[in-house]
Amino acid sequence: MQNDVVLSMRGIGKVFPGVRALHNVDFTLRKGEIHALMGENGAGKSTLIKVLTGVHIKDAGHIHLDGAGEVTIRSPQEAQALGISTVYQEITLCPNLTVAENMYIGRNKDLIVKWKDMEKKADAILQNLGIPARAKQQLGSCSLAVQQMVAIARAVDMECKVLILDEPTSSLDDKEVAMLFSLMRDLKNRGVGIIFVTHFLEQVYEVSDRITVLRNGELVGEYEVEHLPQVELVAKMMGKELEGLSDLVRDDNAAEDTSTPVYEAEGLSSAKGVNPFEFAIRKGEVNGFTGLLGSGRSESVRAIFGADRVTGGKVKMDGRQVKIAKPKDAMKHGIGYLPEDRKDDGIIADLSVRDNIILALQVMKGFFKPISQAEAEKFADEYIKALDIKTASSETPIKSLSGGNQQKVILARWLLTHPQYLILDEPTRGIDVGTKTEIQRLVRKLAEEGMSVTFISSEIEEMLRTCSRLIVMRDRHIVGELKGTELTQEHVMRTIAGGGD
Amino acid sequence: MATNKKLKWSKYSQLIVPVLSIVLIVIFNLFRDPSFFSIEITTNNAGSTVLTGNLVSILNGASELAILAMGMTLVTAACGGQDISVGALAAIAGSVFVKVLRAGEITPVTIALGIVACCAVAMVFGAFNGTLVSVFKIQPMIATLVLFTCGRSVAYWINGGATPTVESPLITAIGSFIPGMPVPTPILIVVLMAILIGLLFKFTTLGLYTQTVGINQRAARLNGINTTGIKLVSFMILGVCCAVAGVIAVSRLSLINHETLLLDIEMDAILAVAIGGNALSGGKFKITGSVLGAYAIQALTITLYAMKVPSTDVKAYKAIVIILIVVIGSPVVKAKLSQVWKNIRSGKAEKEAAV
Amino acid sequence: MKLNKSLKRREPLTDTQLLLTITICIFFGMYFLAMAIWGGGFLRWQQVFDMLNNNAALIIVACGLTIVMIGGGIDISVGGVTALVVMSCIVHMNNGGSIFTAVLLALGIGVAFGLVQGYLISYLEIQPFIITLAGMFFARGMTTIVSLEPQKIAHEGFKQLMKTKIEIPLLGYTAKNGNLIPARMEIGVVVALLIVVIVFILLKKCRLGRQFYAMGGNSQSAMMLGVNVKRTRFYSYLISGTLSGIAGFVFMMHTGAGNATNAAGAEMNAIASSIIGGTLLTGGVGNVIGTLFGVLTLTTIKAIVTVSGLRDPWWQSITTGAMLCFFIVLQSVVLANRGKGGLKKMLPGWLKKPEETDAGKL
């Protein structure tokens, strides 16, 4: 083992009920390096980070820390004491306190705090690190980037050896990212080992020295940045070796469809920061938004459904201009939307499967036309049978179902409204393989019956199997549209990865 | 089949707490005084045959509380918070009722007018509370603090400072007995309100929407539900409940006293919701539970009175009951208890295994 | 270079300072307006001292509540505890107790309420509103159990203590007959102001005080930053309970009589004062100086309502309600704009002044 290793994790394993989140994962961090940790949804990055910070306790494996030997980390506090600091995507500081207070609170046990001294010390550190904030300033008045830097400054002042940055750049603009990067490089030169978790490929190549890729809870490999071209990185994350790509092109009706699109958007943009985009979908078509997590694929479909505040653009349905400002407008025009976050946006946890199934239809029928008990029972039974939902009865609360079955219930909810255009955002995320293929098959069937479907998935293979057209996004822009013979894994990955080699 | 049966049962599991509370109080009273629940048929001053006895007075006395509990359940379910201004709002509604009646002769028409007027006023105030909660996103308890602070003064103001009386046999009929009817009228009004609210749930989707908003607001919005509107409606329905409760309370005494009318009833109403097995943090609800809870509270109060506890002291005992209920219901305590239970069971299992 | 430039930028107002500034401005604005329109009593210092004399207990209670609210909680048992303390202490002293034991009794009751409520709220994680509402009912019920009849203090030493007033000739005024009538201040006011100072220091300088802010600002973050949130929350209720005990004693020094309806609505007045004083209901923002001004503002409003001819008894609490509503909505707007920078744009220029002066130091 090299001398400059600060942290080495060997054979880490973690099992959650029913899911093997991590299996035999190794990770090595050296002094003074920025080490990117990459992987798509469910790859296990966040679990690995949580094991390292004591949020989860590992089931197997060893963690060695420079100077401390083998350690067991049971709580975030213990991790901090060992010199492992984390800066999360959502700021975990108190916006109502001053910068200095945020840097020093919870760290000493004195009754009276000498704020003057602390402010002086804080200012010195901030200046030393080149962070444009002052000790006496209220944290909430700083930009997000600066807040993040203050969190980093706190970590540095606590003499951390390992600094974990968990998607620090997802809500920053280019200038702020540049500021953050120069701080990261500065820390690196001081000998801090930095673990950098991000979805932005370009950023990885800009600052990182090394990349570790995880997939499905297993280690894919550790690579030097120079020796791993962007396309190969995408391939490793998505799970296909570039050489062995077997092209799965289905023979689509290659003829150009010139009918009026079912849905057409022009310059659509939303408050969630999607850049204006054009988009159209025709009857019976299955298309997909692809791109890495955070590329804007989910935000785009949310804008289509009116889930986020729409800030501009024109929408046409069947050639007629319509206004979609809120979900109900979209529903009235026959659009259905299965959200990405099943737990927070999809299921009504305490309600029965039956109520969850009829919800959307009920809303469309209106407040004064309740669906009768018998009718609801009939609908529920019909869809429980049709989609093979495994539930004790239609009375069972949805929260006691497995993830895959919950997803099918939400799917049933939208199918019941007989939409002409259905948006499925990550319908197969976190569910078992059997259900996955069932859903894929269902999507194809629906399209054959004349429904237009937009399908989003982190798994490229799945996208290729189900979609006849792919819209590729990167950094909240549409960067390409692929169809027909262009629909190969390699092509998609190259488009996602962008110009870089 | 077994699971099906279990599910049927679990549907009613929420009612275990209120029913159990009532049963406990009943058993306690039967031991204390077996004649506690005897019902007598007597002739009252007006010369009509009526039912009397502790049981009747529990049912009768809990009428306002039961009605308020219905509305409170809805607000709790939709907003995850409680309205503490119900007593004040009932006082306002009562004052409007009295004001209308005193404008002219008391006839069935003016009474109907008065009820319509006070319902309308109460709905406006309910909408005010609802706006603070749903539009300005203020916690319900804080938002309703405004009306709690000044509501009774508004009631005072409406009637110009006096505590006017409204003497009429018609009012007495609302407050105590309709001639020829042996059951106190307030009990009948509760039944009427229950039927009305039942119809409301039958012919609208209010129940489903309220629960959806209470459980998962984000998902509710994504399914096209107007979350702001639902919260507003729940407060307006509570407003109507307050108005009806206010009318009953005024009619009982044939006068309006803005200071004492339904004083401290907000606490009992919240308690009724909690005893009814409804989560105070919102979501799934059962109005039946809350109504049973209201009767349980009244039974407790009457029992305490029967034990010669002065009415002013009852609060202290009730407070203890409330604290016990919330402590037992708190997730932390539940988790600890279930841990203990698991330990006991696993201990048993081990023993069995050893055998 | 870039750094230097940013360092010279002016320090923006913190949320706490901003809300405090608004309150103080409104108070002085109202008071000066009253002086200009109605003159009379408003021109005398005694008016201010009367406001303090009558509200010493309220100030103390509001201090405790401010701490709880900064920590993101609420305590509505304070009025009930105050009443219970008054009644218990009077009964105790009338039955031969000394002033010293009465003080101990007052503190004991306050601490007991603080301990139990604090434990239930922080360690059993029960909604504070429910617990303290039950606490209020319990305290009120206990008050009538202690004595249903109104009690008057009969203890001679205590009567003496009640009569003792601090005279400040400098702020007095000359009566029509030419005699100088000094401004009078009760001992309770001294206690109240002392507590304001202590709480101010606690909130500003002590570790615990800043932890209240951290917890109220974002309890999740506070936990990640290493603050023991449960213990901190527990302390906030303990302090609030203790202060209500002290408030009860001060209340007794002012009235000298106990009654089941003592300090009725004190909790709502205290909450209203804190809110008007710039304490955010959601926690994390607030200041005890603001609370002091909140109490004064509330009192001034009531005085103005009376003096302006709205003598009917209902106007006072209707204006209080309206005022409360105004401030709650104001806070909701402030909150919605927090961190977006929209707040500063909404303010008129003159409100931004105070910060600019002390920013030059950096």
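Chain C and chain B bury about 3,400 Å² between them, and carbon and sulfur atoms give 83% of that area. Buried area here is the accessible area (1.4 Å probe) that two parts lose on being put together, summed over both. This is a predicted model, in which local features need pLDDT of at least 70 and side-chain atom pairs count only at pLDDT 80 or more, while totals for chains, interfaces and linings use all residues. Residues are numbered from 1 along each chain as its sequence is written, chains are lettered from A and ligands numbered from 1 in the order in which they are written, and side-chain values use heavy atoms, with hydrogens and water left out.

**Chain C against chain B**

- The contact (heavy atoms within 4.5 Å) takes 36 residues from chain C and 39 residues from chain B.
- The count of salt bridges between chain C and chain B is 0. A salt bridge is a side-chain nitrogen of Lys or Arg within 4 Å of a carboxyl oxygen of Asp or Glu.
- Chain C and chain B have 3 residue pairs in polar contact, both at pLDDT 80 or more. A polar contact is a pair of N or O atoms within 3.5 Å; within protein, one must be able to donate a hydrogen and the other to accept it, and residues adjacent in sequence count only if both atoms are side-chain atoms.
- On the chain C side, α5 (99-123), α6 (128-146), α12 (266-276) and α14 (314-337) each supply at least two residues. Helices (H or I, at least four residues) and strands (E, at least two) are DSSP runs, numbered from the N terminus.
- The largest share of that side, 12 residues, comes from α6(C).
- By class, the chain C side has 26 nonpolar, 8 polar and 2 charged residues. Ala, Val, Leu, Ile, Met, Phe, Trp, Tyr, Cys and Pro count as nonpolar, Asp, Glu, Lys and Arg as charged, and the others, Gly among them, as polar.

**Chain A against chain B**

- Chain A and chain B bury about 2,300 Å² between them, 62% of it on carbon and sulfur atoms.
- Chain A brings 35 residues to the contact and chain B brings 23 residues.
- The rule finds 1 salt bridge across this interface. Asp345(A) pairs with Arg218(B) in a salt bridge, with the closest N and O atoms 2.8 Å apart.
- α12(A) gives the most to the side of chain A that touches chain B, with 6 residues.
- That side of chain A holds 19 nonpolar, 6 polar and 10 charged residues.

**Two domains in chain B**

- Chain B is divided into domain 1 (48-308) and domain 2 (318-355). The bounds come from an automatic or database domain assignment.
- The contact takes 7 residues from domain 1 of chain B and 4 residues from domain 2 of chain B.
- The two domains of chain B bury about 550 Å² between them, 84% of it on carbon and sulfur atoms.
- Met267(B), Leu271(B) and Leu300(B) supply 53% of the area that domain 1 of chain B buries against domain 2 of chain B, more than any other three residues.
- Lys318(B) and Asp268(B) meet through their side chains in a salt bridge (3.0 Å, N to O).

**A helix in chain A**

- Gly498(A) follows α17(A) and has a positive phi, near 85°.
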